[in-house]
Amino acid sequence: MTNKIFHPYTPFSSIENGFPNIVRGEGIYLYDDTGKKYVDIVSSWWACALGHSHPKVVKAIQDQAAVLQHSITGSLTHPNVLALAERLADLMPTPDRHTVFASDGCSAVEASLKIAVQYWYNIGRPEKTWLIGMDQGYHGDSLGALGVGFVDGFHKPYEKVTQHPAKLPLPVSTSDDPDGFEPGRKVIEQHADKLAAVIVEPLCQGSAGMQMYPVGYLKKLADCCAENDVLLIIDEVAMGFGRTGKRFAFNHAGIDPDIVCMGKGLTAGYMPLSAAVIKDKLYNTFSDQGEKDCTFYHGNTYAGHPIGCAAALAALDIYEAESTVERGAEMAEKMKQWMQPFAEMDCVKELRFLGMIGVVELKPEAKAQVPEIKAKLFKDGYLFRPLGTIFYLMPPLVIGDDELKGAVYALQQAIEEFC
Ligand SMILES: Cc1ncc(COP(=O)(O)O)c(C=O)c1O
């Protein structure tokens, strides 16, 4: 069969050899059409926290598809979306929230950015329109998301069509400023009169290469935003639902964000569904009863899709019933121990850990070996997706001891062979 797919994030030079044709998933494994199995070490782009084919999610999807496959949430509602909005509000520090549903991470981010801008318009401060993120942040590939998150290595062609009025500098710890927040504080204070919102990936900039920063930064950022009348949007699309050892990464900092974006783990990767959970302080300003119409004229066809919501409700039940987050946190400790031998390797620049994210960054001179290491791992049945010289493990949270040890060992062997 010819290949007519425009594969995302896929160099053309890799296309001619063809790709595995994945036909089945079960647990932490994906199977191709020859029967070969692969450990899904990146949880299918960080989404499949519960692994593949969990019978309870599959059943929830099947049952819902048989009853109501789609109905919109514009001036209509349905039981699943009502239940899910309630559940999400209850997961927040306080339940005074409403949820905008969308279909994937970047569409939740887009909604959150527009809500932030319109909030200031609604309350009579229309000059507050700037939306900023952290240098090398990533919030999806739509143009709005690129305006607040821009990874130089990926997004250069779009530089001139995206606007970055300012950026939070990358946090750099110093002895005077261990959390590395003070340069960010300056940016916020300087532009507070124009800033609508700041958006960040909490504790770990994933696409920038799993770059982690201190909990204290997040706490100071939240305080600074509140002091300067700037909304704080926390993008939990990648980190949410247990990846960092708590349900949400922002929980580590004990903060209460104005808007929280979720995707990926919301349905454990079973259906495209995302959400922006909004504080009622913002929601309540979207009235059409005042002098101006403040209706939120924004929506996606599949916002609150009934089957997506059924998958999310089932996933949330499983996270609770199987203590997935707590189990993941325990597993994370083991992963960290098992990965310590990498620190002894000459070609390794740094190890980094945050919950169930384990990173081995190779020295820049090992760049040429990355494709060979990746190919060996692939041959051995491990689907790694390095970012530059950064190999990372971000497996389903349900991975077992032996499977995780096996993946760590496979990476160690592959690096040893080529570096
Ligand atoms: C932090 C973050 N936000 C948003 C997105 C975009 O999500 P999606 O690819 O579902 O649009 C991603 C995707 O990796 C992400 O890591």
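How do the residues of the lining of the second largest cavity divide into nonpolar, polar and charged? The answer is five nonpolar, four polar and one charged, where Ala, Val, Leu, Ile, Met, Phe, Trp, Tyr, Cys and Pro count as nonpolar, Asp, Glu, Lys and Arg as charged, and the others, Gly among them, as polar. The model examined here is a predicted one, in which local features need pLDDT of at least 70 and side-chain atom pairs count only at pLDDT 80 or more, while totals for chains, interfaces and linings use all residues. Residues are numbered from 1 along each chain as its sequence is written, and side-chain values use heavy atoms, with hydrogens and water left out.

A cavity is a set of points, on a 1 Å grid over the protein atoms alone, where a 1.4 Å probe fits but cannot get out; a pocket is an open set with protein on both sides within 12 Å along at least five of seven lines, and lining residues have an atom within 4 Å of a point. Grid points are joined across faces, edges and corners, and a volume is the space filled by probe spheres set on the points. Two cavities of 30 Å³ or more are found in the structure. The largest cavity has a volume of about 50 Å³, and its lining includes Trp 46, Val 237, Phe 241, Arg 243 and Leu 397. Seven nonpolar residues, two polar and one charged make up that lining. For the second largest cavity the volume is about 30 Å³; among the residues that line it are Ile 132, Met 134, Phe 150, His 164 and Lys 167.

Turning to open space, the second largest pocket has a volume of about 980 Å³. Its lining counts 31 residues, of which Thr 73, Thr 99, Val 100, Phe 101 and Tyr 283 are the closest to the centre. Helices (H or I, at least four residues) and strands (E, at least two) are DSSP runs, numbered from the N terminus. In these terms, α3 (79-91) and β4 (97-102) each supply at least two residues of the pocket lining, and α3 gives the most, with six residues. By residue class, the pocket lining holds 16 nonpolar, 12 polar and three charged residues.

Charged contacts are next. With a salt bridge taken as a side-chain nitrogen of Lys or Arg within 4 Å of a carboxyl oxygen of Asp or Glu, the count comes to 20 salt bridges. One of them joins the side chains of Glu 26 and Arg 24 at 2.7 Å, N to O. Burial is described by relative accessible area: buried means under 20%, exposed over 50%, and partly exposed in between (1.4 Å probe, protein chains only). Glu 26 counts as partly exposed at 43%, and Arg 24 is partly exposed at 40%.

Another salt bridge pairs Asp 179 with Lys 220, the closest N and O atoms being 3.0 Å apart. This pair links distant parts of the chain, 41 residues apart, with Asp 179 in the loop between α6 (152-155) and α7 (182-191) and Lys 220 in helix α8 (residues 215-227). Asp 179 counts as buried at 17% relative accessibility, whereas Lys 220 is partly exposed at 28%.

In the salt bridge between Glu 361 and Lys 349, the closest N and O atoms are 3.4 Å apart. Glu 361 lies in strand β13 (residues 357-362) and Lys 349 in strand β12 (residues 348-354), so the pair ties together parts that are 12 residues apart in sequence. Glu 361 is buried, with a relative accessible area of 10%, but Lys 349 is exposed, at 52%.

Pro 395, in the loop between β14 (390-393) and α13 (401-418), has a relative accessible area of 0% and is buried. Pro 395 and Met 339 are 56 residues apart in sequence and 14 Å apart in space, C-alpha to C-alpha. Ile 233, in strand β9 (residues 231-235), likewise counts as buried at 0% relative accessibility. Between the C-alpha atoms of Ile 233 and Ala 222, 11 residues apart along the chain, the separation is 9.5 Å.
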